[in-house]
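Morning, everyone. Please take a look at the structure on the screen, and then I'll walk you through a few places in it.

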Amino acid sequence: MKTVYFDNNATTQVAPEVTEAMLPFFRELWGNPSSMHAFGGRVARHVEEGRAQVAELLGASPDEIIFTSCGTESDNAAIFSALQTQPSKRHIVISCVEHPAVLQSAAYWERQGCRVTRLGVDAKGRIDMDEYEFALSADTALVSVMFANNEVGNVYPIREMAEKARERGILFHTDAVQAAGKVPIDLATLPVDMLSLSGHKLHAPKGIGVLYVRRGVRFRPFIRGGHQERGRRAGTENVPYIAGLGVACRLARESMQDELTRVAALRDRLEQGIVSRVPDCIVNGDTEHRLPGTTNIAFRNIEGESVLLMLDRLGICASSGSACTSGSLEPSHVLHAMGVPFKYAHSATRFSLSRYNTQEEVDYTVEHIPAVIETLRKLSPFKD
Ligand code: PLP
């Protein structure tokens with residue numbers, strides 16, 4: 001059975017070109033980029049090439065790019081730095097639909113005595129700009145709002161939000177883990193101070209991330225030790241993955257248009273195909289401002305993750321909007337914040353596409369979903 005992979009917001013296939021680019025660093029070029037000898041020096045050049053390619057995708061300068069181990073580390077490092085460099089400011093603003101990498105980091109600082117404002121969202125997952133402006137104060141050290149949401153795909157008005165923070169002299173961080181490589185980001189004109197991305201969401205391997213820190217923004221390292229990354233992130237560089245991430249960023253730049261047109265059209269075909277054939281289902285999120293490859297569809301009166309299990313039997317990989325907590329399936333914090341009714345939220349299913357998906361895969365899924373839902377509705381303990 002062929003695997004149809006519609007779970008690209010969880011992780012992506014490593015691009016073959018990326019694998020190829022990494023191999024020499026496991027075979028011949030295994031030196032330490034910090035070494036004084038030429039053998040190490042040859043490797044250092046590739047780290048800088050990777051850095052330049054990441055910078056180019058983001059419209060940044062190479063010296064503004066810090067390599068980390070993952071998106072989670074980048075998010076933690078951004079919040080840590082903002083609070084450590086501004087000890088007189090003890091307030092941060094986040095949204096309630098952030099990834100746990102931001103939510104849990106903020107909760108940690110809250111336990112250390114900081115004040116955290118968690119911006120609410122409406123039924124489509126949108127942030128209220130008046131509430132946002134009201135939250136900003138002289139005590140605010142940082143705003144951290146995601147560029148795009150991993151569950152429903154909403155793309156947030158980062159330019160407008162970052163401008164409002166800058167007007168007040170407040171640092172602005174955005175978790176762009178789901179957005180980087182999928183939608184254009186130009187830090188030359190976007191007034192954000194820090195930005196996180198993660199390799200494995202854009203066809204590079206798991207275990208490599210980036211924190212962009214705008215030139216001139218004061219930074220305090222989260223991980224201390226050696227002088228790597230110009231003293232901003234200690235630890236011997238993950239050279240193969242940095243080289244791979246560089247190539248992934250180049251490929252993302254080259255395929256951005258394909259993402260915005262062909263991948264978006266495939267997503268729409270999948271979504272419309274399902275919605276038009278399956279009664280009583282809804283699309284969650286802000287369908288007008290969304291990542292090109294993401295749709296989150298909820299089916300009324302279907303129990304928990306049974307949709308995923310049935311799809312899995314057909315070789316279709318999707319993901320749930322639910323998190324299994326203490327044996328009961330609770331709607332995710334994102335759908336909960338949006339107030340999606342329980343009868344729908346319970347079965348929310350995220351399909352996330354990439355440039356490797358095809359129309360044939362979409363049509364296969366659309367063909368099989370109606371029978372899956374019909375079967376599950378008959379079995380479901382939930383009734384109106
Ligand atoms: N932020 C967002 C929005 C994500 O979707 C994820 C991963 O799912 C992360 C952060 C964490 O990235 P990583 O898996 O590289 O730690």
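Let's start at the ligand. The shell around the ligand divides into three nonpolar residues, seven polar ones and three charged ones. Here Ala, Val, Leu, Ile, Met, Phe, Trp, Tyr, Cys and Pro count as nonpolar, Asp, Glu, Lys and Arg as charged, and the others, Gly among them, as polar.

A word on the source. This is a predicted model, where local features need pLDDT of at least 70, side-chain atom pairs count only at pLDDT 80 or more, and totals for chains, interfaces and linings use all residues. Residues are numbered from 1 along each chain as its sequence is written, and side-chain values use heavy atoms, with hydrogens and water left out.

Back to the ligand. Which residues come nearest? Of the 13 residues around the ligand, they are T72, D175, Q178, S198 and K201. Being near means that a heavy atom of the residue lies within 4 Å of the molecule or strand. Helix α4, residues 71-85, gives the most to this shell, with three residues. Helices (H or I, at least four residues) and strands (E, at least two) are DSSP runs, numbered from the N terminus.

Now the polar side chains. An N or O atom in the side chain of S198 is 2.6 Å from an oxygen atom of the ligand. For H200, a polar side-chain atom lies 2.9 Å from a ligand oxygen. For H99, the distance from a side-chain N or O atom to a ligand oxygen is 3.4 Å. The protein buries 88% of the 390 Å² that the ligand exposes when taken alone. Those areas come from the Shrake-Rupley method with a 1.4 Å probe; for residues, only the protein chains shown count as cover.

Next stop, H91. It lies in strand β3, residues 91-95. Is H91 buried or exposed? H91 is buried, because its relative accessible area is 0%. Buried means under 20%, exposed over 50%, and partly exposed in between (1.4 Å probe, protein chains only). The H91 side chain makes a polar contact with the side chain of T117, at 2.6 Å. A polar contact is a pair of N or O atoms within 3.5 Å; within protein, one must be able to donate a hydrogen and the other to accept it, and residues adjacent in sequence count only if both atoms are side-chain atoms. H91 and L142 are 51 residues apart along the chain, yet their C-alpha atoms are separated by 7.2 Å.

On to N154. Its place is the loop between β5 (140-144) and α7 (158-167). N154 counts as buried, because its relative accessibility is 1%. Its side chain reaches two backbone atoms: the oxygen of G125 at 3.2 Å, and the nitrogen of D286 at 2.7 Å.

For C70, the nearest cysteine sulfur, that of C249, is 16 Å away.

Last, helix α9, residues 306-313. Its buried residues are S306, V307, L308, M310 and L311. They pack against β10, β11, β12, β15 and α12, where contact means heavy atoms within 4.5 Å. Just after α9, G315 takes a positive phi of about 85 degrees.

Notes: A disulfide is a pair of cysteine sulfur atoms within 2.5 Å.
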